[in-house]
Amino acid sequence: MYIFRKAYDYLQDLCFVWFEELKQLVKDEGVIIFFVVVPLVYPLLYSWIYNNEQVRDVPVVVVDMSHSSLSRQFIRMCDASPDVKIAYYAQDLDEAQSLVSRQLAKGVYFIPSDFDDNLNRMQQGVISVYCDMSLMLTYKAVFQTAQAVSSEMGTKLKTKLAGLYTVREEVISAKPLDFDDVPMYNPAGGYGSGILPAVLVLILQQTLVLGIGLSAGTARDSNRFRHLIPVNAPHYSRTLPIVFGKALCYFMVYAIMGTWLLIVVPRIFHFPHLASWQSLLTVMLPYVLACIFFGMIMSCMVKYRENVMLIMVFVSVPLLFMTGVSWPQSNIPGIWQGVSWLFPSTFGARAFVRLNSMGATPADVLPEFRILWIQTGAYFLITCLVYRFQFFMAKRDLKKYGDSEN
């Protein structure tokens, strides 16, 4: 009977903490913004911006000093490509640079005066390409279009000078070893399909940590001893019911938000979604739990509720790089790879991208799955220790200030 009585008391305290946390969550506008509004709106905004996947008709200025049939052919072929639009013609590089500096054009094609003469003398013709590097997508369009057109024109000149008799001979001479360019795991070859799945996972972690931090700040402000745990409430006398009650509240909210972020949004914007919901649930369950306990630890480390916003917003971009999705993992220094192991988003993003974009199975992401459960267990233990310390400090201050008031 004693065991059942203790279990009933623990369950009663857990339910009370869960209900109180849920009421505080609903009343706090800041928590509602980070728990509901941001996860709903932010992914839509990001995905809508990058839904076109690739930039088209990037304006380019041409400086044609050759004025030959070959230079005009190069210009026509570039203008006919889907990625580049010949928007301006300039007399010299200074005028072209002025157009680029005013953001009227994103690149310059400079054709020297000896371009046609060099080709007719069986020498190499050179076309200079100047690109605005402030945006990598426009740089890629300008540079790769010039490269593709130059290669195509070079192939035609080569077959013309070879003196061959059949079309088949010309094809083999131009491309002795042909190949098909197939973008793996990203059929559109776009920015959205490659990066945004990892961004969605990161949004889940950041909004969860921010919401927990704000909720803890509200609880700390309402307690006269400035601790998270109100020691004068009878249901807040045990550590485990407090931790489990709060975690259950956050988990219920993010079971819905996580489904929206990781299943609904990719399908709305036609991002790769190869994984079944069972596979996603297998990996995302420890990920959400690890984020919850990580957020509860972070909420105890900051004194004011605004501080957690500054910290998490500051580390958002470095965390995206450390996932190894937007930047090669092999090029990340070892010390930063070690730092990345502290954050659940590192392994959650890698597992989600491999499952949903690359068609991997849960067995293929087993290392990430195990590390997420290790993080969940480690952060849970640390959370219990931190909350126990908060309870001890609150009891000490109650005794201290209570005696002074008496």
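By the rule used here (a side-chain nitrogen of Lys or Arg within 4 Å of a carboxyl oxygen of Asp or Glu), the count comes to four salt bridges. This is a predicted model, so local features need pLDDT of at least 70 and side-chain atom pairs pLDDT 80 or more, while totals for chains, interfaces and linings use all residues. Residues are numbered from 1 along each chain as its sequence is written, and side-chain values use heavy atoms, leaving out hydrogens and water.

**Exercise 1.** Work out where Lys 23 and Glu 20 sit relative to each other in helix H1.

*Solution.* Start with the pairing: Lys 23 and Glu 20 form a salt bridge, with their closest N and O atoms 3.2 Å apart. Next, the spacing: the two are three residues apart in H1, so about one helical turn separates them. (Helices are DSSP runs of H or I with at least four residues, strands are runs of E with at least two, and both are numbered from the N terminus.) As for the general idea, an α-helix has 3.6 residues a turn, so residues three or four places apart point the same way.

**Exercise 2.** Find out which parts the salt bridge between Glu 21 and Lys 246 ties together.

*Solution.* First, the closest N and O atoms of Glu 21 and Lys 246 are 2.8 Å apart. Glu 21 lies in H1 and Lys 246 in helix H9 (residues 239-268), so the bridge links parts 225 residues apart in sequence.

**Exercise 3.** Describe the setting of Asp 28.

*Solution.* Begin with the place: Asp 28 is in the loop between helix H1 (2-27) and helix H2 (29-49). Asp 28 has a relative accessible area of 9%, so it counts as buried.

**Exercise 4.** Which residue marks the bend in H11?

*Solution.* Take the bend as the angle between axes fitted to the seven residues ending at a residue and the seven starting there. H11 bends by about 40° at Ser 316, and Pro 318 follows within four residues. Just after H11, Gly 324 takes a positive phi of about 85°.

Terms used. Buried means under 20% relative accessible area, exposed over 50%, partly exposed in between (1.4 Å probe, protein chains only).
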